[in-house]
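Work through the exercises below with the sequence and the 3D view open. Try each task before reading its solution.

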Amino acid sequence: MTQPDPQTPRVDGPGDWHRLSAWMMLEETPGRVPQFLGVVVGLASLFLGIPGIVPIVVGALAAVVAAVPIWLATTYQVTDQHVRVRSGVIRRKAATARHDRIRSVETTASPLNRVLGLETVTIRTGADASSSAVVLYCVRKQYAIALRDYLMPTGTPAAPDTADPDSPDNGQAPDVAVPLAGFEPRWLRFAAFSNLGFTVAAAALMIGARLAYEVARPDEERSGSWDLPSDLSISLTVSIAVAVIVFGAAASVLSYLFEFGHFLLSRHRDGTLRIRRGLLTTTSTTLDEKRIRGIRIHEPPLMRPLRGARLHAIATGADKQPLLLPLTPTEVVGRVGRAVFGAGGDAAQFPPQHTIPDRPGDHGALKPHPPAARRRRITRTVASALAVSVIPLIAWALGWLPLTVAITGLVVLACAGAALGELRYRNLGHRLTDHSLVIAPPTAARQRYLLHDDGIIGWSVRASWFQRRQGLVTLVAASAAGTEAYRIVDIHGDDASALAAEISPGLIEPFLHR
Amino acid sequence: METTPTSPVHPSLREPAHRVDPRAKTLWRIVPLIVAAPVAIGALIAAAFSGEFWWIPILTLAAAVLVLAFFVAVVPAWRYRFHRWEVSADAVYTQSGWFNRHAVIIPIARIQVVDTEAGPLEQLLKLATVTVTTASSAGTIRIAGLDAAAAAQVAADLTIATARHTGDAT
């Protein structure tokens, strides 16, 4: 291919079709048929008794040969209105993306691709994730970058010649990126603890099972036929449990490093946000800022003492909750959230450290929900806990557990349920600011949804029979972005009407009781 | 002019102005009967074949009859009292449900699709359901039990009103 013009890539006429790079045959192919075929051929030659590495070579050759028709059959074109890809050997498929329907462009490069200077471009259109993406495998890197800049954003970019002639960055490249957040090694501490809950639970289960076995059968001789950890001493079980925790943490850190190493979130003058991440396989996602209607901050319970949180954008289009920041320090989340949400956001909402009940005059706190909401949360969690406690009761009925253990289990579960319900109530709240609505759902993790008023399309009120008895309703803000329904759970009916009327006065006012 | 009582769901929000067609109550009565018939037949057959345990299927049948009586005698009246709808110049407001209650308000400017449909039972009773969708799945409105002609009129009015607003309604 000729070197593409940095402003726009080569624009094709209706009849011009191009092949992707031949390296595609070694790399990804949709459906993975050649790789599967290669494995089958290799295994077949192995079973036929052919020795040495010949089966592997034969399998690899078979995979490459099978990929040739796929490479030959795949062509693409970029016209001034569409991006089209024709593919398929047996069943022909044509995927088309219209320029003004494009919502996100993502470029990915595996390690092999990076060495060869290739990238895979994924173009997403449409309003939901189920609409298929148009994928260009293995195109040259400069072309991929030019194509991405050409397709995104869907609005008109700020032309460099309309910039202030006295401004210092006139004369630089038109696309000046403002970095919002970049990878720092201190982020890895979150990775070390992110799956701590699972590994500790697994370790505790191992130790608990070993101890329970000891308690249940103190007199039985160790016999070789019982192949549980009966031959392991308790200290060995404990060391294995510790090893599980350490290994889990190490694996988590490595996985975080591979996925988010070299992370960079930047804002570009053409009105897009770009997220680049990845140590071996690099992925670069472009997001049109005009599609963002809010942000979501998620602070998992384990991250509370470490002060870490995730940041997602609430957006319309194909990817409704694009990841803006992985587990990062809360001050980074606060800074980036403020930058992304714009002037309409209430800066006092960041970081999500404010608890309920609030101190008088504390601007950052959320409005707590009525005490009846606490009763509902606790009732729900205790009911689930009691449902789960059927298990130890059945174990007792079958004679596996003594009654005391079963009763203890029931009490422990009920208390845990009540504690969880209280935690959920503490996290529940909402707040209305000048231009946005802040919602904190009743979950164990601390979350904040900040929705811009413009993002709210309509309103819905739900009241179950149980809620009606307590005078509570759930107010749902309907939006085209994110999860499309943002629920403010368990508030009083007139508070709900008042809230909806304040955010969408033109819509709600005619229906108020006057 | 119909009185608009204070809604029990949200005291300061009044109820929508119009009720659905009274024939909807008939529709809501027929459906449980259709569901209960195979259950009753199955229970009777099971009773005939269970020998000394004949009382188990009969007990189930009695419970099913009680539930059926509830859904035929009581629920349709509750539903009819609560199902209401209203189309103003700028918005559509409906409420529905009997155990869990649900009210929705959406602006006409954000409407994307207006659908009218009628199943076989509804066609028999000359009723129809109007479904209005927006860009948000939470903003979907369904008005069931409207008279077929009224439903067509509502759908036509909404389509004309929506055409006056432009944009992709997100």
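The model is predicted: local features need pLDDT of at least 70, side-chain atom pairs count only at pLDDT 80 or more, and totals for chains, interfaces and linings use all residues. Residues are numbered from 1 along each chain as its sequence is written, chains are lettered from A and ligands numbered from 1 in the order written, and side-chain values use heavy atoms, leaving out hydrogens and water.

**Exercise 1.** Describe the interface of chain A and chain B.

Solution. Start with area. Chain A and chain B bury about 2,600 Å² between them, 58% of it on carbon and sulfur atoms. Buried area is the accessible area (1.4 Å probe) that two parts lose on being put together, summed over both. A:Ile457, A:Phe511 and A:His513 supply 29% of the area that chain A buries here, more than any other three residues.

Next, count residues. Chain A gives 32 and chain B gives 31, with contact meaning heavy atoms within 4.5 Å.

Then check the polar terms. There are zero salt bridges between the chains (a side-chain nitrogen of Lys or Arg within 4 Å of a carboxyl oxygen of Asp or Glu). The rule does find 16 residue pairs in polar contact, both at pLDDT 80 or more.
A polar contact is a pair of N or O atoms within 3.5 Å; within protein, one must be able to donate a hydrogen and the other to accept it, and residues adjacent in sequence count only if both atoms are side-chain atoms.

Finally, locate the surface on chain A. Its largest share, eight residues, comes from S18(A).

**Exercise 2.** How do H1(B) and H2(B) pack?

Solution. Take helix H1 (residues 23–49) and helix H2 (residues 55–73) of chain B: their axes come within 9 Å and cross at roughly 175 degrees. The two helices are therefore roughly antiparallel, the term for angles over 145 degrees. Now inspect the contact. Residues of H1(B) including B:Trp28, B:Leu33 and B:Leu44 meet residues of H2(B), among them B:Ile58, B:Leu61 and B:Phe71. By class, this contact has 17 nonpolar, no polar and one charged residues.

**Exercise 3.** Which residues make the contact of H9(A) and H10(A)?

Solution. Geometry comes before residues. Helix H9 (residues 371–388) and helix H10 (residues 390–397) of chain A pack at about 25 degrees, axes 4 Å apart. That makes H9(A) roughly parallel to H10(A). A:Leu386, A:Ala387 and A:Val388 of H9(A) join A:Val390, A:Ile391 and A:Pro392 of H10(A).

**Exercise 4.** Where in chain A do A:Asp149 and A:Arg274 lie?

Solution. Their side chains meet in a salt bridge (3.4 Å, N to O). A:Asp149 lies in helix H4 (residues 141–151), and A:Arg274 in strand S10 (residues 272–277), 125 residues apart.

Terms used: Axes fitted to C-alpha atoms, helices over the stretch in contact; angles between N-to-C directions. Parallel < 35°, antiparallel > 145°, perpendicular 65-115°, else oblique. Nonpolar A, V, L, I, M, F, W, Y, C, P; charged D, E, K, R; others polar.
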